[in-house]
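The sequence and structure come first.

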Amino acid sequence: MEMSFEESLIELEGIADKLEKGQLSLDESLLLFENGIKLVRECNTKLKNAKQNVERLILENGDIKSEPFDVEE
Amino acid sequence: MGLETKGIYTVHEFTLAVKSTLTTGQFNDVWIRGEISNYTNHSSGHRYFTIKDKNSQLACIMFKWHGRNLRFEPEHGMKVLVLGDIDVYEQRGVYQLKVRDMRPDGIGELYKAYEQLKNKLAMEGLFSPDHKKPLPVFPTKIGVATSPTGAVLHDILTVLKRRYPVNILFIPTLVQGESASQSIVSSIEALNRTDVDVIILGRGGGSIEDLWAFNEEIVARAIFNSRIPIISAVGHETDYTICDFVADVRAPTPSAAAEIAVPERQELANQINRLRDRLIENEKRYLSDRQAHISELRSSVDARLLLERVAQYMQYVDELAQNQISSFRRLMEIKQALLIAHAGKLDALSPLGTLSRGYCITLKLPHKTLVRSVADIEISDEISILVKDGKIRCEVNDKEECKWK
(Lines give C-alpha, C1' and ligand atoms only; values in the text may rest on other atoms or scores of the structure.)
Protein backbone atom coordinates (compact mmCIF):
# COMPACT_ATOMS: atom_id res chain seq x y z
CA MET A 1 0.00 0.00 0.00
CA GLU A 2 1.30 3.43 -0.85
CA MET A 3 2.40 5.60 2.01
CA SER A 4 0.77 8.93 2.60
CA PHE A 5 2.86 12.03 2.29
CA GLU A 6 2.96 12.33 6.05
CA GLU A 7 4.06 8.74 6.51
CA SER A 8 6.76 9.17 3.89
CA LEU A 9 8.04 12.25 5.63
CA ILE A 10 8.12 10.53 9.01
CA GLU A 11 9.86 7.52 7.48
CA LEU A 12 12.38 9.83 5.88
CA GLU A 13 13.16 11.51 9.18
CA GLY A 14 13.58 8.10 10.77
CA ILE A 15 16.08 7.08 8.11
CA ALA A 16 18.08 10.27 8.48
CA ASP A 17 18.22 9.69 12.24
CA LYS A 18 19.34 6.09 11.86
CA LEU A 19 22.09 7.06 9.49
CA GLU A 20 23.16 9.79 11.86
CA LYS A 21 23.61 7.31 14.67
CA GLY A 22 25.70 5.20 12.33
CA GLN A 23 25.36 1.89 14.15
CA LEU A 24 24.68 -0.01 11.00
CA SER A 25 26.37 -2.43 8.68
CA LEU A 26 27.51 -1.03 5.38
CA ASP A 27 24.81 -2.95 3.55
CA GLU A 28 22.14 -1.64 5.89
CA SER A 29 23.33 1.90 5.53
CA LEU A 30 23.39 1.74 1.77
CA LEU A 31 19.94 0.18 1.71
CA LEU A 32 18.57 2.86 4.01
CA PHE A 33 20.19 5.58 2.00
CA GLU A 34 18.69 4.21 -1.17
CA ASN A 35 15.24 4.03 0.45
CA GLY A 36 15.65 7.54 1.76
CA ILE A 37 16.49 8.99 -1.60
CA LYS A 38 13.57 7.09 -3.09
CA LEU A 39 11.27 8.62 -0.48
CA VAL A 40 12.64 12.08 -1.18
CA ARG A 41 11.84 11.59 -4.83
CA GLU A 42 8.35 10.28 -4.03
CA CYS A 43 7.60 13.15 -1.69
CA ASN A 44 8.73 15.71 -4.22
CA THR A 45 6.70 14.05 -6.92
CA LYS A 46 3.64 13.95 -4.74
CA LEU A 47 4.08 17.56 -3.88
CA LYS A 48 4.60 18.56 -7.47
CA ASN A 49 1.68 16.52 -8.76
CA ALA A 50 -0.76 17.44 -6.01
CA LYS A 51 -3.95 18.71 -7.56
CA GLN A 52 -6.91 20.45 -6.17
CA ASN A 53 -9.95 18.30 -6.64
CA VAL A 54 -13.20 19.83 -5.52
CA GLU A 55 -16.33 17.82 -4.89
CA ARG A 56 -19.70 18.98 -3.75
CA LEU A 57 -21.57 17.14 -1.04
CA ILE A 58 -25.29 16.76 -1.56
CA LEU A 59 -27.76 15.75 1.08
CA GLU A 60 -30.74 13.84 -0.17
CA ASN A 61 -33.26 12.40 2.24
CA GLY A 62 -30.58 11.75 4.79
CA ASP A 63 -28.26 10.16 2.22
CA ILE A 64 -25.06 11.88 1.33
CA LYS A 65 -23.70 11.95 -2.18
CA SER A 66 -20.90 13.83 -3.76
CA GLU A 67 -20.34 15.08 -7.28
CA PRO A 68 -17.51 16.93 -9.00
CA PHE A 69 -17.69 20.63 -8.53
CA ASP A 70 -16.29 23.12 -11.00
CA VAL A 71 -14.87 26.24 -9.53
CA GLU A 72 -14.93 29.36 -11.60
CA GLU A 73 -11.59 31.02 -11.50
CA MET B 1 -82.37 48.18 23.40
CA GLY B 2 -83.96 45.52 25.45
CA LEU B 3 -82.48 42.40 26.81
CA GLU B 4 -84.55 40.44 24.36
CA THR B 5 -82.99 41.79 21.22
CA LYS B 6 -79.41 40.92 22.05
CA GLY B 7 -79.98 38.02 24.33
CA ILE B 8 -78.02 37.26 27.47
CA TYR B 9 -74.66 35.46 27.47
CA THR B 10 -73.28 33.44 30.20
CA VAL B 11 -69.78 34.55 31.16
CA HIS B 12 -68.36 31.55 29.49
CA GLU B 13 -70.41 32.06 26.34
CA PHE B 14 -69.25 35.63 26.19
CA THR B 15 -65.69 34.70 26.72
CA LEU B 16 -65.90 32.12 23.97
CA ALA B 17 -67.50 34.68 21.70
CA VAL B 18 -64.71 37.14 22.34
CA LYS B 19 -62.18 34.43 21.87
CA SER B 20 -63.62 33.40 18.54
CA THR B 21 -63.62 37.01 17.38
CA LEU B 22 -60.06 37.58 18.47
CA THR B 23 -58.62 34.39 17.08
CA THR B 24 -60.01 34.55 13.59
CA GLY B 25 -56.68 35.38 12.12
CA GLN B 26 -56.07 39.07 12.36
CA PHE B 27 -54.03 38.68 15.52
CA ASN B 28 -52.41 35.43 14.60
CA ASP B 29 -48.80 35.18 13.53
CA VAL B 30 -47.88 38.65 14.66
CA TRP B 31 -44.54 40.08 15.68
CA ILE B 32 -44.65 42.41 18.63
CA ARG B 33 -41.87 44.50 20.04
CA GLY B 34 -41.62 45.12 23.75
CA GLU B 35 -39.72 44.79 26.97
CA ILE B 36 -40.01 41.75 29.18
CA SER B 37 -41.26 42.10 32.70
CA ASN B 38 -42.57 39.75 35.39
CA TYR B 39 -40.72 36.91 33.75
CA THR B 40 -41.31 33.50 35.29
CA ASN B 41 -39.82 30.30 34.04
CA HIS B 42 -42.24 27.93 35.69
CA SER B 43 -41.21 24.49 36.89
CA SER B 44 -43.72 23.07 34.40
CA GLY B 45 -41.39 24.36 31.68
CA HIS B 46 -43.81 27.01 30.48
CA ARG B 47 -42.75 30.62 30.61
CA TYR B 48 -45.04 33.39 31.79
CA PHE B 49 -44.26 37.04 31.29
CA THR B 50 -45.50 40.36 30.20
CA ILE B 51 -44.22 42.52 27.43
CA LYS B 52 -44.76 46.14 27.71
CA ASP B 53 -43.94 49.50 26.30
CA LYS B 54 -44.44 52.96 27.69
CA ASN B 55 -48.19 52.82 27.45
CA SER B 56 -49.37 49.23 27.41
CA GLN B 57 -48.66 45.74 28.44
CA LEU B 58 -49.50 42.33 27.08
CA ALA B 59 -49.60 39.03 28.94
CA CYS B 60 -47.60 36.32 27.28
CA ILE B 61 -47.20 32.63 27.66
CA MET B 62 -44.59 30.50 25.98
CA PHE B 63 -45.28 26.81 26.22
CA LYS B 64 -42.51 24.38 26.90
CA TRP B 65 -42.50 22.96 23.38
CA HIS B 66 -41.99 26.38 21.88
CA GLY B 67 -39.47 27.44 24.50
CA ARG B 68 -37.21 24.53 23.58
CA ASN B 69 -36.10 26.37 20.46
CA LEU B 70 -35.25 29.58 22.29
CA ARG B 71 -31.77 30.76 21.37
CA PHE B 72 -31.24 32.73 24.54
CA GLU B 73 -32.63 32.94 28.02
CA PRO B 74 -35.09 35.82 28.36
CA GLU B 75 -34.59 38.16 31.28
CA HIS B 76 -36.56 40.84 32.97
CA GLY B 77 -36.03 44.14 31.20
CA MET B 78 -34.83 42.59 27.96
CA LYS B 79 -36.09 44.13 24.75
CA VAL B 80 -37.49 41.44 22.55
CA LEU B 81 -39.46 40.68 19.45
CA VAL B 82 -42.04 38.00 20.04
CA LEU B 83 -43.93 36.00 17.47
CA GLY B 84 -47.24 34.57 18.51
CA ASP B 85 -50.97 34.23 18.23
CA ILE B 86 -53.61 35.89 20.31
CA ASP B 87 -55.45 33.69 22.74
CA VAL B 88 -57.98 34.11 25.49
CA TYR B 89 -57.46 32.44 28.79
CA GLU B 90 -61.01 31.46 29.48
CA GLN B 91 -60.86 30.90 33.23
CA ARG B 92 -59.65 34.40 33.83
CA GLY B 93 -61.13 36.07 30.82
CA VAL B 94 -57.92 37.69 29.82
CA TYR B 95 -56.38 37.80 26.44
CA GLN B 96 -52.77 36.84 26.09
CA LEU B 97 -50.18 36.13 23.44
CA LYS B 98 -49.16 32.53 22.89
CA VAL B 99 -45.54 33.10 22.02
CA ARG B 100 -43.96 30.72 19.51
CA ASP B 101 -40.65 32.48 19.01
CA MET B 102 -38.73 35.23 20.63
CA ARG B 103 -35.64 37.17 19.53
CA PRO B 104 -33.55 39.72 21.24
CA ASP B 105 -34.49 43.09 19.78
CA GLY B 106 -31.70 45.36 18.69
CA ILE B 107 -27.97 45.11 18.82
CA GLY B 108 -27.74 45.68 22.54
CA GLU B 109 -30.04 42.77 23.15
CA LEU B 110 -28.21 40.58 20.68
CA TYR B 111 -24.99 41.24 22.55
CA LYS B 112 -26.73 40.44 25.78
CA ALA B 113 -27.94 37.14 24.35
CA TYR B 114 -24.49 36.49 22.98
CA GLU B 115 -22.84 37.11 26.35
CA GLN B 116 -25.43 34.94 28.01
CA LEU B 117 -24.84 31.95 25.77
CA LYS B 118 -21.11 32.47 25.86
CA ASN B 119 -21.10 32.35 29.65
CA LYS B 120 -23.36 29.35 29.75
CA LEU B 121 -21.27 27.34 27.31
CA ALA B 122 -18.06 28.43 28.96
CA MET B 123 -19.42 27.16 32.27
CA GLU B 124 -20.20 23.87 30.59
CA GLY B 125 -16.65 23.65 29.40
CA LEU B 126 -17.37 23.80 25.69
CA PHE B 127 -14.52 26.26 25.14
CA SER B 128 -12.02 24.34 27.22
CA PRO B 129 -8.66 23.71 25.57
CA ASP B 130 -9.00 20.10 26.74
CA HIS B 131 -11.67 19.59 24.12
CA LYS B 132 -9.73 21.11 21.27
CA LYS B 133 -8.85 18.50 18.71
CA PRO B 134 -5.48 18.82 16.99
CA LEU B 135 -5.53 19.61 13.29
CA PRO B 136 -3.95 17.07 10.94
CA VAL B 137 -0.57 18.24 9.70
CA PHE B 138 -1.13 16.93 6.20
CA PRO B 139 -4.83 16.75 5.51
CA THR B 140 -5.80 14.75 2.47
CA LYS B 141 -9.36 15.99 2.28
CA ILE B 142 -10.81 19.18 3.60
CA GLY B 143 -14.49 19.75 4.19
CA VAL B 144 -15.67 23.28 3.51
CA ALA B 145 -19.05 24.37 4.79
CA THR B 146 -20.03 27.77 3.52
CA SER B 147 -22.29 29.60 1.17
CA PRO B 148 -22.13 28.54 -2.49
CA THR B 149 -22.21 32.19 -3.42
CA GLY B 150 -19.89 34.87 -2.22
CA ALA B 151 -16.17 35.23 -1.94
CA VAL B 152 -15.54 32.87 0.95
CA LEU B 153 -15.44 29.63 -1.01
CA HIS B 154 -13.39 31.27 -3.73
CA ASP B 155 -10.90 32.67 -1.21
CA ILE B 156 -10.51 29.32 0.52
CA LEU B 157 -10.05 27.38 -2.72
CA THR B 158 -7.55 29.92 -4.03
CA VAL B 159 -5.41 29.79 -0.93
CA LEU B 160 -5.52 26.00 -0.77
CA LYS B 161 -4.59 25.70 -4.41
CA ARG B 162 -1.61 27.97 -3.98
CA ARG B 163 -0.34 26.49 -0.75
CA TYR B 164 -1.09 22.81 -0.90
CA PRO B 165 -3.48 21.38 -3.45
CA VAL B 166 -5.71 18.92 -1.69
CA ASN B 167 -9.05 17.24 -2.13
CA ILE B 168 -11.93 19.42 -1.08
CA LEU B 169 -15.43 18.44 -0.19
CA PHE B 170 -17.65 21.47 -0.35
CA ILE B 171 -21.06 21.44 1.22
CA PRO B 172 -23.31 24.36 0.30
CA THR B 173 -24.53 25.83 3.54
CA LEU B 174 -26.85 28.65 4.43
CA VAL B 175 -24.93 31.09 6.56
CA GLN B 176 -27.54 33.79 7.06
CA GLY B 177 -31.23 33.95 7.76
CA GLU B 178 -33.90 31.87 9.41
CA SER B 179 -32.66 28.40 8.53
CA ALA B 180 -28.95 29.15 8.67
CA SER B 181 -28.30 27.56 12.04
CA GLN B 182 -30.09 24.37 11.05
CA SER B 183 -28.23 24.30 7.75
CA ILE B 184 -24.87 24.74 9.49
CA VAL B 185 -25.70 21.95 11.94
CA SER B 186 -26.67 19.52 9.21
CA SER B 187 -23.58 20.41 7.17
CA ILE B 188 -21.36 19.66 10.14
CA GLU B 189 -23.16 16.42 10.79
CA ALA B 190 -23.02 15.41 7.11
CA LEU B 191 -19.29 16.14 6.90
CA ASN B 192 -18.80 14.00 9.97
CA ARG B 193 -20.10 11.10 7.95
CA THR B 194 -17.44 11.58 5.26
CA ASP B 195 -13.70 10.99 5.19
CA VAL B 196 -12.62 14.62 5.45
CA ASP B 197 -9.91 15.18 8.05
CA VAL B 198 -10.63 18.79 8.82
CA ILE B 199 -13.59 21.10 8.37
CA ILE B 200 -13.54 24.79 7.58
CA LEU B 201 -16.71 26.55 8.61
CA GLY B 202 -16.69 29.92 6.91
CA ARG B 203 -18.62 33.06 6.38
CA GLY B 204 -17.71 36.53 5.28
CA GLY B 205 -17.98 39.55 7.50
CA GLY B 206 -21.25 41.13 8.49
CA SER B 207 -23.26 42.69 11.27
CA ILE B 208 -23.97 40.80 14.45
CA GLU B 209 -27.43 40.07 13.03
CA ASP B 210 -25.88 38.68 9.85
CA LEU B 211 -23.55 36.46 11.82
CA TRP B 212 -26.21 35.46 14.29
CA ALA B 213 -26.49 31.84 13.20
CA PHE B 214 -22.93 31.35 14.39
CA ASN B 215 -23.95 32.52 17.84
CA GLU B 216 -26.63 29.96 18.27
CA GLU B 217 -26.48 27.17 20.74
CA ILE B 218 -27.34 24.33 18.36
CA VAL B 219 -24.48 25.39 16.11
CA ALA B 220 -22.09 25.62 19.06
CA ARG B 221 -23.08 22.13 20.19
CA ALA B 222 -22.77 20.68 16.70
CA ILE B 223 -19.22 22.04 16.53
CA PHE B 224 -18.46 20.71 19.97
CA ASN B 225 -19.79 17.26 19.06
CA SER B 226 -17.96 17.08 15.76
CA ARG B 227 -15.59 14.12 15.54
CA ILE B 228 -13.58 16.02 12.94
CA PRO B 229 -11.64 19.11 13.96
CA ILE B 230 -13.25 22.36 12.87
CA ILE B 231 -11.64 25.64 11.94
CA SER B 232 -14.08 28.49 12.26
CA ALA B 233 -13.62 31.45 10.01
CA VAL B 234 -16.59 33.64 10.54
CA GLY B 235 -16.64 37.30 9.71
CA HIS B 236 -13.67 39.58 9.90
CA GLU B 237 -10.74 39.59 12.21
CA THR B 238 -12.57 41.56 14.87
CA ASP B 239 -15.78 39.55 14.84
CA TYR B 240 -15.87 36.88 17.46
CA THR B 241 -18.77 34.47 17.38
CA ILE B 242 -19.64 31.70 19.79
CA CYS B 243 -18.49 29.32 17.06
CA ASP B 244 -15.03 30.79 17.23
CA PHE B 245 -14.81 29.86 20.89
CA VAL B 246 -16.09 26.32 20.46
CA ALA B 247 -14.18 25.54 17.29
CA ASP B 248 -10.88 23.72 17.59
CA VAL B 249 -9.13 26.60 15.89
CA ARG B 250 -10.36 30.09 15.15
CA ALA B 251 -9.14 31.77 12.02
CA PRO B 252 -9.49 35.53 11.59
CA THR B 253 -10.67 35.19 7.98
CA PRO B 254 -11.62 32.38 5.59
CA SER B 255 -8.30 32.80 3.75
CA ALA B 256 -6.47 32.47 7.03
CA ALA B 257 -8.46 29.32 7.78
CA ALA B 258 -7.21 27.80 4.54
CA GLU B 259 -3.67 28.77 5.48
CA ILE B 260 -4.06 27.17 8.88
CA ALA B 261 -5.57 24.00 7.42
CA VAL B 262 -2.63 23.06 5.20
CA PRO B 263 1.13 23.36 5.25
CA GLU B 264 2.79 25.51 2.63
CA ARG B 265 3.97 23.49 -0.35
CA GLN B 266 7.20 25.45 -0.71
CA GLU B 267 7.93 25.04 2.98
CA LEU B 268 7.36 21.30 2.60
CA ALA B 269 9.62 21.15 -0.41
CA ASN B 270 12.27 22.90 1.66
CA GLN B 271 11.76 20.45 4.47
CA ILE B 272 12.17 17.54 2.09
CA ASN B 273 15.31 19.08 0.69
CA ARG B 274 16.70 19.56 4.16
CA LEU B 275 15.97 15.92 4.89
CA ARG B 276 17.62 14.89 1.65
CA ASP B 277 20.70 16.94 2.51
CA ARG B 278 20.80 15.38 5.94
CA LEU B 279 20.47 11.95 4.39
CA ILE B 280 23.34 12.56 2.01
CA GLU B 281 25.43 14.23 4.68
CA ASN B 282 24.90 11.36 7.08
CA GLU B 283 25.62 8.71 4.50
CA LYS B 284 28.77 10.53 3.45
CA ARG B 285 29.93 10.78 7.01
CA TYR B 286 29.07 7.16 7.59
CA LEU B 287 31.14 6.15 4.59
CA SER B 288 34.06 8.40 5.47
CA ASP B 289 34.03 7.02 9.00
CA ARG B 290 34.25 3.55 7.56
CA GLN B 291 36.96 4.70 5.19
CA ALA B 292 38.97 6.06 8.07
CA HIS B 293 38.54 2.82 9.90
CA ILE B 294 39.74 0.89 6.89
CA SER B 295 42.82 3.09 6.51
CA GLU B 296 43.58 2.55 10.11
CA LEU B 297 43.32 -1.19 9.66
CA ARG B 298 45.36 -1.10 6.49
CA SER B 299 48.17 0.84 8.07
CA SER B 300 48.53 -1.96 10.55
CA VAL B 301 49.18 -4.41 7.69
CA ASP B 302 51.20 -2.03 5.53
CA ALA B 303 53.77 -3.95 3.42
CA ARG B 304 56.54 -1.40 3.90
CA LEU B 305 56.09 -1.45 7.60
CA LEU B 306 56.22 -5.21 7.45
CA LEU B 307 59.46 -5.18 5.50
CA GLU B 308 60.92 -2.71 7.87
CA ARG B 309 60.00 -4.92 10.72
CA VAL B 310 61.52 -7.92 8.98
CA ALA B 311 64.68 -5.92 8.36
CA GLN B 312 64.84 -5.11 11.99
CA TYR B 313 64.50 -8.73 12.86
CA MET B 314 67.21 -9.59 10.39
CA GLN B 315 69.52 -7.10 11.97
CA TYR B 316 68.79 -8.54 15.31
CA VAL B 317 69.49 -12.01 14.07
CA ASP B 318 72.75 -10.76 12.61
CA GLU B 319 73.60 -9.15 15.83
CA LEU B 320 72.96 -12.35 17.65
CA ALA B 321 75.02 -14.22 15.09
CA GLN B 322 77.81 -11.73 15.37
CA ASN B 323 77.85 -12.15 19.07
CA GLN B 324 77.95 -15.85 18.62
CA ILE B 325 80.92 -15.66 16.31
CA SER B 326 82.93 -13.48 18.56
CA SER B 327 82.04 -15.64 21.51
CA PHE B 328 83.14 -18.61 19.53
CA ARG B 329 86.37 -16.93 18.59
CA ARG B 330 87.06 -16.01 22.11
CA LEU B 331 86.39 -19.57 23.11
CA MET B 332 88.75 -20.77 20.45
CA GLU B 333 91.42 -18.41 21.61
CA ILE B 334 91.07 -19.68 25.12
CA LYS B 335 91.27 -23.26 23.93
CA GLN B 336 94.28 -22.50 21.85
CA ALA B 337 96.06 -20.85 24.71
CA LEU B 338 95.30 -23.88 26.78
CA LEU B 339 96.56 -26.08 24.00
CA ILE B 340 99.80 -24.21 23.77
CA ALA B 341 100.28 -24.43 27.46
CA HIS B 342 99.63 -28.13 27.41
CA ALA B 343 101.85 -28.56 24.38
CA GLY B 344 104.74 -26.93 26.25
CA LYS B 345 104.27 -29.42 29.00
CA LEU B 346 104.17 -32.24 26.49
CA ASP B 347 107.27 -30.94 24.87
CA ALA B 348 109.10 -31.13 28.12
CA LEU B 349 108.11 -34.76 28.41
CA SER B 350 108.76 -35.64 24.76
CA PRO B 351 111.58 -38.06 23.88
CA LEU B 352 112.68 -35.45 21.37
CA GLY B 353 113.67 -33.27 24.25
CA THR B 354 115.80 -36.11 25.52
CA LEU B 355 117.44 -36.37 22.11
CA SER B 356 118.14 -32.66 21.95
CA ARG B 357 119.89 -32.90 25.26
CA GLY B 358 122.31 -35.44 23.61
CA TYR B 359 120.69 -38.70 24.55
CA CYS B 360 119.65 -41.29 21.98
CA ILE B 361 117.00 -43.89 21.60
CA THR B 362 117.65 -47.35 20.37
CA LEU B 363 115.13 -49.32 18.49
CA LYS B 364 115.44 -52.97 17.57
CA LEU B 365 114.77 -53.68 13.92
CA PRO B 366 112.78 -54.69 12.05
CA HIS B 367 109.97 -53.94 14.48
CA LYS B 368 111.41 -50.81 15.94
CA THR B 369 110.84 -51.97 19.45
CA LEU B 370 112.42 -49.84 22.13
CA VAL B 371 115.60 -51.24 23.55
CA ARG B 372 115.61 -50.70 27.29
CA SER B 373 117.90 -53.45 28.42
CA VAL B 374 120.77 -55.58 27.07
CA ALA B 375 118.38 -58.42 27.43
CA ASP B 376 116.28 -56.94 24.68
CA ILE B 377 118.82 -57.65 21.98
CA GLU B 378 121.10 -60.38 20.70
CA ILE B 379 124.50 -60.18 18.96
CA SER B 380 124.13 -59.44 15.23
CA ASP B 381 120.70 -57.85 15.74
CA GLU B 382 120.21 -54.81 13.62
CA ILE B 383 119.31 -51.72 15.53
CA SER B 384 118.49 -48.11 14.71
CA ILE B 385 119.78 -45.39 16.95
CA LEU B 386 117.82 -42.19 16.96
CA VAL B 387 119.76 -39.02 17.68
CA LYS B 388 118.86 -35.35 17.73
CA ASP B 389 119.19 -34.93 13.97
CA GLY B 390 118.88 -38.41 12.41
CA LYS B 391 119.22 -42.12 12.83
CA ILE B 392 122.10 -44.47 12.66
CA ARG B 393 121.77 -48.03 11.54
CA CYS B 394 124.06 -50.44 13.38
CA GLU B 395 124.83 -54.15 13.91
CA VAL B 396 125.31 -55.39 17.44
CA ASN B 397 128.78 -56.76 17.84
CA ASP B 398 128.82 -57.25 21.55
CA LYS B 399 126.74 -56.80 24.67
CA GLU B 400 127.62 -56.57 28.24
CA GLU B 401 125.54 -56.16 31.32
CA CYS B 402 126.73 -53.38 33.59
CA LYS B 403 125.62 -52.01 36.94
CA TRP B 404 125.50 -48.19 36.48
CA LYS B 405 124.30 -47.34 39.81
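## Gly34 of chain B

Gly34(B) is found in strand β1 of chain B; helices (H or I, at least four residues) and strands (E, at least two) are DSSP runs, numbered from the N terminus. The model is predicted: local features need pLDDT of at least 70, side-chain atom pairs count only at pLDDT 80 or more, and totals for chains, interfaces and linings use all residues. Residues are numbered from 1 along each chain as its sequence is written, and chains are lettered from A and ligands numbered from 1 in the order in which they are written.

Gly34(B) is buried, with 21 other C-beta atoms within 10 Å. A residue counts as buried if 20 or more other C-beta atoms lie within 10 Å of its own, as exposed if 12 or fewer, and as partly exposed in between, with C-beta atoms placed from the backbone. Leaving aside residues up to four places away in sequence, Gly34(B) touches Ile51(B), Lys52(B), Asp53(B), Leu58(B) and Val80(B); contact requires that C-beta atoms, placed from the backbone, lie within 7 Å. Val82(B) is 48 residues from Gly34(B) along the chain, and their C-alpha atoms are separated by 8.0 Å.

## The barrel of chain B

Five strands of chain B make a closed barrel in the order β1-β2-β3-β5-β4, with mixed pairing. Strands pair if DSSP finds at least two bridges between them. On average, neighbouring strands of this sheet are turned by 55° against each other, direction ignored. Strands β1 (residues 30-41) and β2 (residues 47-52) of chain B run antiparallel and are joined by 5 bridges. Thr40(B) has Tyr48(B) in β2(B) as its bridge partner.

Two helices of chain B pack on this sheet. Helix α2 (residues 11-22) touches β4 (79-89) and β5 (94-104) of chain B, and its direction makes about 135° with that of β4(B). Axes here are lines fitted to C-alpha atoms, for helices over the stretch in contact, and angles run from 0 to 180 degrees between N-to-C directions. Helix α4 (residues 106-124) of chain B also touches β4 and β5 of chain B, at about 75° to the direction of β5(B).

With 12 residues, α2(B) reaches 16 Å from its first C-alpha to its last, close to the 16 Å expected at 1.5 Å a residue; the expected span is 1.5 Å times one less than the number of residues. Of the 12 residues of α2(B), the number buried is 0, so this helix lies largely in the open.

## A sheet shared by both chains

An open sheet of 7 strands has the order β2(A)-β1(A)-β7(B)-β6(B)-β8(B)-β9(B)-β10(B), with mixed pairing. At its edges stand β2 (63-68) of chain A and β10 (249-250) of chain B; each has a single partner strand, so one side of each is left without a neighbour in the sheet.

Strand β1 (residues 53-60) of chain A runs parallel to β7(B), and 4 bridges join them. Glu55(A) has Leu169(B) as its bridge partner in β7(B), and Arg56(A) has Phe170(B). Helix α6(B) lies across β1 and β2 of chain A together with β6 (141-146), β7 and β8 (198-203) of chain B, running at about 170° to β6(B).

## Buried residues make up 18% of the 73 residues in chain A. Helix α2 (residues 26-49) of chain A has 24 residues, which should span 34 Å at 1.5 Å a residue; its end C-alpha atoms are 34 Å apart, which agrees.

In α2(A), the buried residues include Ser29(A), Leu32(A), Phe33(A) and Gly36(A), along with Leu39(A), Val40(A) and Cys43(A). Their cover includes α1 (5-21) of chain A together with α10 of chain B.

## Contacts between the chains

Contacts link 32 residues of chain B with 32 residues of chain A. On the chain B side, α5 (151-163), β7 (167-172), α6 (180-191) and α10 (265-299) each supply at least two residues. The largest share, 13 residues, comes from α10(B). By class, the side of chain B that touches chain A has 19 nonpolar, 5 polar and 8 charged residues. Ala, Val, Leu, Ile, Met, Phe, Trp, Tyr, Cys and Pro count as nonpolar, Asp, Glu, Lys and Arg as charged, and the others, Gly among them, as polar.

## Nonpolar cores

The largest nonpolar core has 53 residues, and those with the most contacts inside it are Ile156(B), Leu160(B), Ile200(B), Ile231(B) and Cys243(B). Such a core is a set of buried Ala, Val, Leu, Ile, Met, Phe, Trp, Tyr and Cys residues joined through C-beta atoms within 7 Å. Not counting residues up to four places away in sequence, Leu160(B) touches Gln52(A), Ile142(B), Pro165(B), Val166(B), Ile168(B), Ala258(B) and Val262(B). A second, separate core of 14 residues includes Ala16(A), Val40(A), Cys43(A) and Ile272(B).
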